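Okay, thanks everyone, let me put this one up on the screen.

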Amino acid sequence: MILKITLIGLMAGVLGTGLGGVLSGIFKKKVDKYIDFFMGLSGGIMLAVVVFDLMKEAIDQKGIFVTVSATFLGVVITMLIKENLHMSQDKQAGYLIFISILLHNLPEGLAIGSSFVSAETLGFTLAIVIGIHNVPEGLATALTLAGTKMKTSKIILYTVIAGIPMGIGSFLGVYFAGNFNSLIGVFLSIAAGTMLYVVLEEILPRTKNLFCIIGFLIGTIIVYCI
C-alpha cells in the first residue's frame with residue numbers, strides 16, 4: 001500500500017512537471033524573440049500558484065499569522081540560497097525557480113499521502129489535480145531555464161527531477177499519517193515564500209513592457225482554470 005501511494009505521488013509530480021518541460025521544447029527557439037512574454041507567463045503562473053493555491057491552503061490550515069511568518073521564512077531562505085549561487089543572473093533565476101518547485105512539491109506530496117490515509121478516492125483525486133496543475137509549473141521552470149541557452153534535454157531532466165519530491169512527500173505522508181498533517185500548512189507557506197521571492201526579485205524586474213504584462217495575465221488565467 002505504501003509503495004503504491006508513493007508511486008502515484010511520484011507519477012503525479014514527475015509527469016506533471018516533466019510534461020511542462022517537454023512543452024517548453026516547442027517554444028525554446030522563440031524564447032529569445034519573445035523573452036518578455038515568456039518571463040511574464042512564468043511570473044504569472046508562479047504568483048498565481050502562490051496566491052490561489054499555496055497561501056490559501058496554508059491559511060485554511062494554520063491561520064494568517066503562521067502562514068505569513070512561514071512565507072517570510074521562505075523568502076529569507078531563498079535570499080540566502082541566492083547569495084551562495086555563484087553564477088550569472090540569468091542562471092540564478094532559472095535555478096532558483098527549480099529549487100522553489102522542489103520545495104513546493106514536497107508538501108503537496110505530503111497532502112497526497114495523507115489524503116490516501118483518509119480515503120483512497122480522495123487521494124486519487126488529489127493526485128490527478130496536483131499532477132495537472134504541475135504542468136504549468138514545469139513550463140515556468142523550463143522556459144526560464146531555456147532563456148539561459150540550456151539544452152532542451154537537460155531542461156526536461158530538471159523538470160522531471162523537480163517532480164521527485166512529490167513521491168518522497170507521498171511516502172512520508174502515508175507512513176507517518178497524522179504526524180505530518182499539522183505541518184503541511186507550514187511547508188506550503190515556506191514554498192510560497194520561495195516562489196514569491198523568485199517572481200518579485202528575479203523575474204518581473206527583468207521585463208518591463210506590455211508583452212510581460214500580457215504573459216503575466218495569461219499565466220494567471222492558466223493556473224486559475226486548472
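So, a disulfide here is a pair of cysteine sulfur atoms within 2.5 Å. Keep in mind that this is a predicted model. How many disulfides does a search of the whole structure find? The count comes back as 0.

C212 sits at 5% relative accessibility, so we call it buried, the cut-off being under 20%. C225 has a relative accessible area of 63%, and that makes it exposed, since exposed means over 50%.

Which of its residues are buried? C212, along with G215, G219, T220 and V223. Look down the axis of helix 9 and those buried residues fall within an arc of 140°, so they line one face of the helix. Turned away from that buried side is a face with exposed residues: L210, F211, I221, Y224 and, again, C225.

Last stop, A58. You'll find it in helix 2, residues 35-62. Is A58 buried or exposed? Buried, because its relative accessibility is 0%. And what does A58 touch, once you leave out residues up to four places away in sequence? G63, T67, G185, L188 and S189. Take S189: it is 131 residues from A58 in sequence, yet C-alpha to C-alpha the two are 6.1 Å apart in space.

Terms used
Residues numbered from 1 in each chain as written. Predicted model: local features only at pLDDT ≥ 70, side-chain atom pairs only at ≥ 80, totals over all residues. Heavy atoms only, no water. Helix = DSSP H or I, 4+ residues; strand = E, 2+ residues; numbered from the N terminus. Buried < 20%, exposed > 50% of the residue type's maximum accessible area, 1.4 Å probe, protein only. Contact = heavy atoms within 4.5 Å. Arc of directions from axis to C-beta.
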